[in-house]
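The entries below follow the order in which I looked things up.

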Amino acid sequence: MTTPRTKREERLLAVLQTEVPGRYATQNGRRNLVRAGIACLALFYVSTVVCWALAPSDTAMYVTLACDGIGLVAGALVLGQMVVVTRGTTRLPDHLLDERQALEKLRAHSTSHRMTVMLLFAALFGIELGMTSDGDHSPSAAVVVTFVALLVTVAALPLLVTTWRMPDPIPDEDDA
Amino acid sequence: MARPVPTDKDKELVHNRIAVLRAERGVSRRELATALGVHYQTVGYLERGEYSPSLHLALQIAEYFEVPVEVVFSLRPFPLIGSTNL
């Protein structure tokens with residue numbers, strides 16, 4: 001079950017065995033973290049909308065670089081916190097998870113899958129709207145930025161779902 | 001007299017005595033988790049009734065405490081200590 005096979009996995013497990021930071025020990029704290037993650041993802045969609053509306057132009061380029069850059073840096077920090085809070089449930093390989101974590105990972109991926117299907121329909125609708133509002137105008141930059149936004153969302157969804165659903169952790173001191 | 005049939009509400013609920021047995025034997029949550037090969041939080045969630053174990057894990061827990069599985073797990077709440085309704 002939770003047997004590390006390499007030194008790297010051993011170190012990773014040691015980090016994830018530590019206690020969850022106090023501010024994320026409550027449901028409200030964890031859900032605020034998820035909201036922060038969604039805000040980071042929203043930045044990618046802001047740049048997508050700007051690209052569809054203004055690309056090719058300098059404004060579209062600067063807005064995209066700024067939004068995606070901030071989204072990437074802030075998102076990495078927020079998602080990193082989520083990995084610690086969820087103790088790597090969605091990121092660790094299966095052989096490092098126990099049955100509860102494996103089940104939670106499966107549930108998170110199943111929920112994320114349903115959300116991804118909805119997201120794809122929303123993206124199709126948005127792209128159709130972007131293309132028909134200005135003839136057949138579909139800048140290649142906008143297509144790439146849309147793809148990046150979708151990719152980042154799909155990658156982050158299981159972690160967001162797990163963090164949102166997670167029950168309050170059990171304090172270590174209980175054993176004292 | 002026949003005992004009441006569990007309702008839909010507690011259909012999924014499995015009551016357990018892990019915390020009592022652990023305290024009785026002086027076993028820490030981490031020690032039990034290591035012996036079972038699970039995360040110590042999983043033991044905590046089991047004790048709080050927020051997670052129901054697989055049959056394999058339930059049998060492992062019973063084996064660890066050297067008691068029959070029905071001593072540790074039950075579909076009905078365990079009687080409280082001092083309760084006359086045993």
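**Entry 1: overview of chain A**

I note before anything else that this is a predicted model. I counted elements in chain A and found five helices and one strand. I then read their order from the N terminus, which is α-α-α-α-β-α. I looked up the extent of the C-alpha trace of chain A along its principal axes, and the spans are about 65 × 35 × 25 Å. Chain A has 176 residues, and 33% of them count as buried. I also checked contacts in chain A between residues at least 6 apart in sequence. Of these, 77% join residues at least 24 apart.

**Entry 2: α2 and α5 of chain A**

I asked at what angle α2(A) and α5(A) pack. Helix α2 of chain A covers residues 27–54, and helix α5 of chain A covers residues 140–165. Their angle is about 170°, and their axes are 9 Å apart. An angle over 145 degrees counts as roughly antiparallel, so α2(A) is roughly antiparallel to α5(A).

I listed the residues that meet. From α2(A) they include Leu33(A), Val34(A), Leu41(A), Phe44(A) and Trp52(A). From α5(A) they include Val145(A), Val148(A), Val152(A), Leu160(A) and Trp164(A). I sorted this contact by class and got 16 nonpolar, six polar and two charged residues. Arg30(A) and Arg31(A) of α2(A) are among the residues in this contact.

**Entry 3: the length and bend of α5(A)**

I compared the length of α5(A) with expectation. Its 26 residues should span 38 Å at 1.5 Å a residue, and the end C-alpha atoms are 38 Å apart, so the two agree. I also looked for a bend. α5(A) has a kink of about 40° at Ala156(A), shortly before the proline Pro158(A). Ala156(A) is also one of the α5(A) residues that meet α2(A).

**Entry 4: α3 of chain A**

Which residues of α3(A) are buried? I found Ala60(A), Thr64(A), Cys67(A), Asp68(A), Gly71(A), Gly75(A), Val78(A), Leu79(A), Met82(A) and Val85(A). I then looked up what they pack against, and it is α2 and α5 of chain A.

**Entry 5: two positive phi values**

Arg87(A) came up, with a phi of about 55°. Arg87(A) follows α3(A) and sits in the loop between α3 (58–85) and α4 (99–132) of chain A. Is Arg87(A) buried or exposed? It has 23 other C-beta atoms within 10 Å. The cut-off for buried is 20 or more, so Arg87(A) is buried.

Glu66(B) came up too, with a positive phi near 55°. Its place is the loop between α4 (55–65) and α5 (69–72) of chain B. Glu66(B) has 9 C-beta neighbours inside 10 Å, so it counts as exposed.

**Entry 6: where the chains touch**

I turned last to the contact of the two chains. Chain B gives 14 residues and chain A gives twelve. On the chain B side, α2 (29–36) and α3 (40–47) are the elements that give two or more residues. α3(B) gives the most there, with four residues. By class, this side of chain B has four nonpolar, seven polar and three charged residues.

Conventions:
Residues are numbered from 1 along each chain as its sequence is written. Chains are lettered from A and ligands numbered from 1 in the order in which they are written. This is a predicted model: local features need pLDDT of at least 70, side-chain atom pairs count only at pLDDT 80 or more; totals for chains, interfaces and linings use all residues. Two residues are in contact if their C-beta atoms, placed from the backbone, lie within 7 Å. Ala, Val, Leu, Ile, Met, Phe, Trp, Tyr, Cys and Pro count as nonpolar, Asp, Glu, Lys and Arg as charged, and the others, Gly among them, as polar. A residue is buried if 20 or more other C-beta atoms lie within 10 Å of its own, exposed if 12 or fewer, and partly exposed in between; C-beta atoms are placed from the backbone. Axes are lines fitted to C-alpha atoms, for helices over the stretch in contact, and angles run from 0 to 180 degrees between N-to-C directions. Angles under 35 degrees count as roughly parallel, over 145 as roughly antiparallel, 65 to 115 as roughly perpendicular and the rest as oblique. The expected span of a helix is 1.5 Å times one less than its number of residues. The bend at a residue is the angle between axes fitted to the seven residues ending there and the seven starting there.
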